[in-house]
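Thanks, everyone. I'll keep this brisk. Please have a look at the sequence and the model first.

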Amino acid sequence: MSASRSLFPLPRDTTSLELMDDPNCDQDRLFATYAQFRAVNALVAGWRRVYLRDVRPVLDRRRASTLLDIGFGGGDIPLALARWASRDGLRLRVTAIDPDERAHEFVESRGLTGHGVDFRAASSRELVDAGERFDIVTSNHLLHHLEADARAELLADSADLAPLSLHSDIERGRLALAAFNAATKPLDRGSFVHYDGTLSIRRSYTAPELQAVVPAGWIVRRRFPYRLLLTRDETLTPQG
C-alpha cells in the first residue's frame, strides 16, 4: 500500500455535489464535459482491461450476449465495449441507459445513436419492473455519485438484471487527486471535467470503505492506477 493511502489518508467528501448533477447547470459546459469523457476515460478508467479480463471471456461468436450499461453519460464506454466485441468477432448487443434526458440529448446531437448501442432515457428500476434481463451489467464512475439508499437500489437492480455485474469507479487517494488536478486544469473554463473530476476523487471510496457498505456476494477489486471494480458473479456466488 502506498504512503499516500496509509500514512496520509484523504478524507471522503460526502456533502459536496458535482456541477453536472445540477439540473440547471450550463448545458454547453455539460455537453463539453460529456464530449471530454472519452479522452479522460481512455486515460484513467481502464475499461479495455475490464473488457479483456471480465467481458470478453463470457461472449460468444454464435450466441448474442447482452450488456446493459447504467448511467452512460457521454456514451463512450458502451460504444467502446460494442466496438471491441465487434472487432473480436463476438456477438454483443449493448443497451445503455441514463435517467438524465440531457445525456440522451447529447448522444443524439453528436450522432452517437446506433453504432451497436441502444441508448435509452431510463432508470435501472424501470427495466427491472419491465422484467428485462441481460448477461452483463456495467457502470462507470457512478457509485460515488450515490447516497446509501440509491447505491443499495443500484446493486439490487444489478443483481435482478444480470448474473454478472461490473461497476468501475475511482479509488480515493492524494496522488490520484494531485495528478488529475494538474492534468485537467487547462479544461477548467470550458467544461466541468476539472472541478467535477477532482470532486469525484474526493467523493470516491477506498477499497475497504466500499467493501464495508456493499451486500454479501459483492467483491471489490483494486486496479492500477487508483481504480476499484465492484463485481458480482452469480456463477461464483453461493446460492440460498
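Start with two residues. Arg-221 is buried, and Asp-54 is buried too. Keep in mind that this is a predicted model. These two side chains form a salt bridge. Their closest N and O atoms are 3.0 Å apart.

Where do Arg-221 and Asp-54 sit in the chain? Arg-221 is in strand 6, residues 219–223. Asp-54 is in helix 3, residues 47–55. Asp-54, Arg-221 and Arg-223 are linked in a network of salt bridges.

How many salt bridges does a search of the whole structure find? The search finds 14. Let me show you two others.

Take Arg-172 and Glu-209. Their closest N and O atoms are 2.8 Å apart, and they form a salt bridge. Arg-172 lies in the loop between strand 5, residues 164–170, and helix 8. Glu-209 lies in helix 10, residues 207–213. So the pair ties together parts that are 37 residues apart in sequence. Buried or exposed? Arg-172 has 7% relative accessibility, so it counts as buried. Glu-209 is at 30%, so it counts as partly exposed.

Now a local one. Arg-125 forms a salt bridge with Asp-129, and here the closest N and O atoms are 4.0 Å apart. Both residues lie in helix 6, residues 124–129. They are four residues apart, about one turn of the helix. An α-helix has 3.6 residues a turn, so residues three or four places apart point the same way. Asp-129 is exposed, at 60%.

Next, helix packing. Two packed helices are described by the angle between their axes and the distance between the axes. Look at helix 8, residues 174–184, and helix 9, residues 193–203. Their axes come within 9 Å. They cross at roughly 175°.

Which residues make the contact? From helix 8, they are Ala-176, Leu-177, Phe-180, Asn-181 and Thr-184. From helix 9, they are Val-193, His-194, Gly-197, Thr-198, Ile-201 and Arg-202. By class, that contact has five nonpolar, five polar and one charged residues.

Stay on helix 8. Its buried residues are Ala-176, Leu-177, Phe-180 and Thr-184. Viewed down the helix 8 axis, these residues fall within an arc of 95°, so they line one face of the helix. What do they pack against? The buried residues of helix 8 pack against helix 2, residues 27–44, and helix 9. Now turn to the face away from the buried side. That face of helix 8 carries the exposed residues Leu-175 and Ala-182.

One last stop: helix 5, residues 101–109. Which of its residues are buried? They are Arg-102, Ala-103, His-104, Phe-106 and Val-107. Helix 2 turns up here again. What covers the buried residues of helix 5 includes helix 2 and strand 3, residues 117–120. After helix 5 comes Gly-111. Its phi is positive, near 65°.

To recap, we have a buried salt-bridge pair, Arg-221 and Asp-54.

Methods:
Residues are numbered from 1 along each chain as its sequence is written. This is a predicted model: local features need pLDDT of at least 70, side-chain atom pairs count only at pLDDT 80 or more; totals for chains, interfaces and linings use all residues. Side-chain values use heavy atoms; hydrogens and water are left out. Axes are lines fitted to C-alpha atoms, for helices over the stretch in contact, and angles run from 0 to 180 degrees between N-to-C directions. Helices (H or I, at least four residues) and strands (E, at least two) are DSSP runs, numbered from the N terminus. Contact means heavy atoms within 4.5 Å. Ala, Val, Leu, Ile, Met, Phe, Trp, Tyr, Cys and Pro count as nonpolar, Asp, Glu, Lys and Arg as charged, and the others, Gly among them, as polar. Buried means under 20% relative accessible area, exposed over 50%, partly exposed in between (1.4 Å probe, protein chains only). The arc is that of the directions from the helix axis to the C-beta atoms.
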